[in-house]
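Welcome, and please open the model in your viewer.

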Amino acid sequence: MGDVSSKKTLKDFCIPDYILLSGSEVRSDSHIPACPVIVFINCKSGGQLGGELLVTYRSLLNKNQVIDLGDKAPDKVLHQLYVTLETLKHKGDNLAAEIERRLRIIVAGGDGTAGWLLGVLSDLKLPQPPPIATVPLGTGNNLPFSFGWGKKNPGTDRQSVVLFLNQVRAAKEMKIDSWHIMMRMKAPKKGSCDPIAPLELPHSLHAFHRVSPTDKLNIEGYHTFRGGFWNYFSMGMDAQVSYAFHSERKLHPERFRNQLHNQSAYLKHGCKQGWFCASLFHPSSRNIAQLTKVKIMKRQGRWEELHIHPSIRSIVCLNLPSFSGGLNPWGKPNTKKSIYRDLTPQYVDDGLIELVGFRDAWHGLVLLSPNGHGTRLAQTSRIRFEFHKGAAESTFMRIDGEPWKQPLPLDDDTVVIEISHHGQVSMLANPGCRSKSISEPSSPVSSQEEEEEEEDSDDEESLEGRRKFGAADTFKYPKEIHIAHLS
């Protein structure tokens, strides 16, 4: 009886082959699934867990709706799916219309993998973009944790997967802000200013490439890079530690098959890099105030330089309430003290991003206390970092858990990084998720919290130029061409 019930339940998640595979025989009598899903699994995430999940999902669903990201790119899969759905809809296929309306996406992998899928969906510009649920297979798992999916690697057995699928069906949709990042510098006379990733560019950063000559952001004589993120962009010593960890993991993947071991290894790298004794081992030339000028866009539409305390060695531009494995650097600002600083609670859909600074690892450990937080610097819809020729030849940066080493100019020039609001995407949230919506603030800000006693003209680029994330380079739908015509 249990098996029959289970099969009936899983039928509500299945998509028939004629929608997934071109050329398949159309079946008009197919069951309309209550919660059709497309599952993307990064088998390289979570040690052997990704491969085990792939086997389990394919045993429970149509194997063609469970995609191994090592075999197929998500942009090509979703492009083909939506071309097929649109074509069938125009032929009067009711099942195709219902699947498009009810479709949900599951992504099993680390934060970088989830960011990759979010970038692809942003590029699709669908009228009804499907929401995403994330299976935590990474080390930090900040995205899954922010939306109530946990941060521990999941079970891979049949029962665990069925439970997760039922949670996906019951989950509510939540809009979150997405952010565009643009980096530009004059073409160097010698050397290169291209981002240097740990051995290879991560999937979530593959969009962070030099723009094409036909891109509106391209300027002759300059190198321009672009990308997007949903959780955070960080710069400084925390990204340096992450770079060292990712470099070793790519060299010796066999040593990083256990989440607890990975987290311990990460802590060891923090010690090796001097993060706990930053005042002794970290040169002041790498402190944020020495490296860059930070400017924010005020509500009046003007740029204002932000004062960064000389002791700050790491800065985080935070969109979600989870960083470094579930910690919340912004916390809950004290209502009385935040009024004169123009600070508000953190919402994931308010069009604002939070800037937080850290001095060292000991400062980061403050986040473990109930009311702990970093040094709150500002909230804004647009940020600009200006790097000038200085004592440092490079710095370290990180987007949604994926780090890289960024060379800085050797001649008298400036590297500009600009972060701006880029619309919204849909996530699936479990009950009790940490993320809060400005339209549904579920809990008041505590008036008992203590605030840390520490100081803490728009450019001419068209919005059209920043419209595309670049995560799906294989397609871009022109507005004047109907999607059905692309098949």
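A residue is called buried when its relative accessible area is under 20%, exposed when over 50%, and partly exposed in between (1.4 Å probe, protein chains only). This is a predicted model, in which local features need pLDDT of at least 70, side-chain atom pairs count only at pLDDT 80 or more, and totals for chains, interfaces and linings use all residues. Residues are numbered from 1 along each chain as its sequence is written, and side-chain values use heavy atoms, with hydrogens and water left out.

**Stop one: α5**

Select residues 94-102, helix α5; helices here are DSSP runs of H or I of at least four residues, and strands are runs of E of at least two, numbered from the N terminus. Leu95, Ala96, Glu98, Ile99 and Glu100 of α5 are buried. At the start of α5, look for a side-chain oxygen of aspartate 93 within 2.9 Å of the backbone nitrogen of leucine 95.

**Stop two: α3 and α8**

Next, select α3 (residues 49-60) and α8 (residues 158-170), whose axes are 10 Å apart and meet at an angle of about 70 degrees. That makes the two helices roughly perpendicular (65 to 115 degrees). Show the side chains of Leu53, Thr56, Tyr57 and Leu60 on α3, and Arg158, Val161, Val162, Phe164 and Leu165 on α8, which make the contact (heavy atoms within 4.5 Å).

**Stop three: lysine 125**

Finally, go to the loop between α6 (111-124) and β4 (132-136), and pick lysine 125. Lysine 125 is not a glycine, yet has a positive phi of about 55 degrees. Its relative accessibility is 44%, so lysine 125 counts as partly exposed.

Terms used:
Axes are lines fitted to C-alpha atoms, for helices over the stretch in contact, and angles run from 0 to 180 degrees between N-to-C directions. Angles under 35 degrees count as roughly parallel, over 145 as roughly antiparallel, 65 to 115 as roughly perpendicular and the rest as oblique. A polar contact is a pair of N or O atoms within 3.5 Å; within protein, one must be able to donate a hydrogen and the other to accept it, and residues adjacent in sequence count only if both atoms are side-chain atoms.
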